[in-house]
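This report describes selected features of a single protein chain. Please keep the sequence and the 3D view open while reading.

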Amino acid sequence: MTIGRKLAGFVRLSLSYIVLVALAIAAIYPALWILLASFRPGKSLYSKTLIPEHFTLDHYKELFTSPVYMFGTWYANTLKIAVFSMLIGVVLTLLTSYALSRFRFKSRKTTMSTLLILGMFPGFMSMIAIYLLLKEFHLLDTHLALIIVYAAGAPLGGTLIAKGFLDTIPRSLDEAARIDGASNFGIFARIILPLSRPMITYMALTQFVGPWVDFIFAKLILRTKENWTVAVGMWDMVNTMQNSNFTLFAAGAVLISVPIMILFGFLQRLLVDGLTAGASKG
């Protein structure tokens with residue numbers, strides 16, 4: 001009986017490791033292929049070996065020196081849009097979630113239900129309406145249009161999650177600060193924000209990644225090549241059979257992942273610091 005249980009446990013453990021190894025290979029192999037393809041000479045998608053016979057940095061140089069692709073301009077455009085969208089979106093989400101968490105007002109439940117329902121619909125369903133609004137305000141082909149839409153849409157996806165986190169912060173802290181004469185904004189700035197660093201970290205990361213990798217809405221709004229984001233520009237690299245430079249595309253994909261990795265590593269450290277600081281305060 002004991003031997004049978006041990007054998008069953010060994011089989012389950014072996015199957016678990018096999019599944020984990022398969023998932024790891026499925027996740028790592030495409031990223032490794034893109035990385036190695038960016039150093040492979042030529043333009044072909046196909047290669048006999050995973051590791052290139054000869055390594056080259058010509059594709060990375062071409063991205064920033066070619067007058068056709070304007071990768072540096074697209075990269076700067078995307079970084080500007082993502083950073084401003086992240087900052088404004090996080091502020092709007094925090095303010096909205098703070099109001100829903102700490103105040104009791106008429107139509108509060110209706111507001112939360114509306115946010116929940118609107119968050120269920122995919123964003124591209126409203127693209128035509130947003131396009132017409134931006135056209136009326138003469139904001140087409142501008143980065144400001146993307147920043148406004150991305151930042152304004154942040155509370156739809158993050159308010160209820162942030163509210164759930166703010167609900168875990170004891171209200172006794174608010175009451176003690178209010179007795180000391182603190183205003184609502186003072187409580188928000190001096191108490192809520194320091195204790196919400198893990199949630200701010202999560203929202204900042206997600207709000208940055210969304211605009212950074214978005215293609216559909218950016219392609220709809222941006223028309224001139226100088227205003228393109230990096231996603232639209234890289235789509236143009238492989239859009240036609242006459243212009244299918246896949247190794248150059250791979251080099252661009254590697255460079256796109258760099259800010260996300262840096263931001264994730266930096267915010268991961270802040271997340272750990274925030275959690276340990278909250279635990280020490282008890």
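The sections below cover the basis of the values, a pocket, several helix residues and a few loop residues.

## Basis of the values

The structure is a predicted model, in which local features need pLDDT of at least 70 and side-chain atom pairs count only at pLDDT 80 or more, while totals for chains, interfaces and linings use all residues. Residues are numbered from 1 along each chain as its sequence is written, and side-chain values use heavy atoms, with hydrogens and water left out.

Helices are DSSP runs of H or I with at least four residues, strands are runs of E with at least two, and both are numbered from the N terminus. A residue is called buried under 20% relative accessible area, exposed over 50% and partly exposed in between, using a 1.4 Å probe and protein chains only. Contact means heavy atoms within 4.5 Å.

## The largest pocket

The largest pocket has a volume of about 1,000 Å³. Its lining consists of 35 residues, and those closest to the pocket centre are G123, V149, Y150, G153 and A154. Two or more lining residues come from each of α3 (71-102), α4 (108-120), α5 (127-136), α6 (143-166), α9 (197-213) and α10 (216-221). The biggest share is that of α6, with 9 residues.

By residue type, the lining divides into 23 nonpolar, 11 polar and 1 charged. Here Ala, Val, Leu, Ile, Met, Phe, Trp, Tyr, Cys and Pro count as nonpolar, Asp, Glu, Lys and Arg as charged, and the others, Gly among them, as polar. A pocket is found on a 1 Å grid over the protein atoms alone, as an open set of points where a 1.4 Å probe fits, with protein on both sides within 12 Å along at least five of seven lines; lining residues have an atom within 4 Å of a point. Grid points are joined across faces, edges and corners, and the volume is the space filled by probe spheres set on the points.

S97 is part of helix α3. It counts as buried because its relative accessibility is 0%. A polar atom of the S97 side chain lies 2.8 Å from the backbone oxygen of T93; a polar contact is a pair of N or O atoms within 3.5 Å, where within protein one must be able to donate a hydrogen and the other to accept it, and residues adjacent in sequence count only if both atoms are side-chain atoms. Not counting residues up to four places away in sequence, S97 touches T159, A162, K163 and L166.

L79 is also found in helix α3, but is partly exposed, with a relative accessible area of 36%. Beyond its neighbours within four places in sequence, L79 is in contact with F208 and W212.

## Helix α9

Helix α9 has 17 residues and spans 24 Å from its first C-alpha to its last, close to the 24 Å expected at 1.5 Å a residue. The expected span is 1.5 Å times one less than the number of residues.

Y60 lies in helix α2 and is buried, at 15% relative accessibility. Leaving aside neighbours within four places in sequence, Y60 is in contact with S38, F39, A251, V254 and L255.

M120, in helix α4, counts as exposed at 61% relative accessibility. E136, in helix α5, is exposed as well, with a relative accessible area of 62%.

## Loop residues

R40 sits in the loop between α1 (2-37) and α2 (58-65). It is buried, with 7% relative accessibility. Among the residues it touches, not counting those up to four places away in sequence, are W33, T49, H54, H59 and T247.

Most residues other than glycine have a negative phi. S107, in the loop between α3 and α4, has a positive phi near 70° and is partly exposed at 42% relative accessibility. D141, in the loop between α5 and α6, has a positive phi of about 60°. With a relative accessible area of 17%, D141 is buried.
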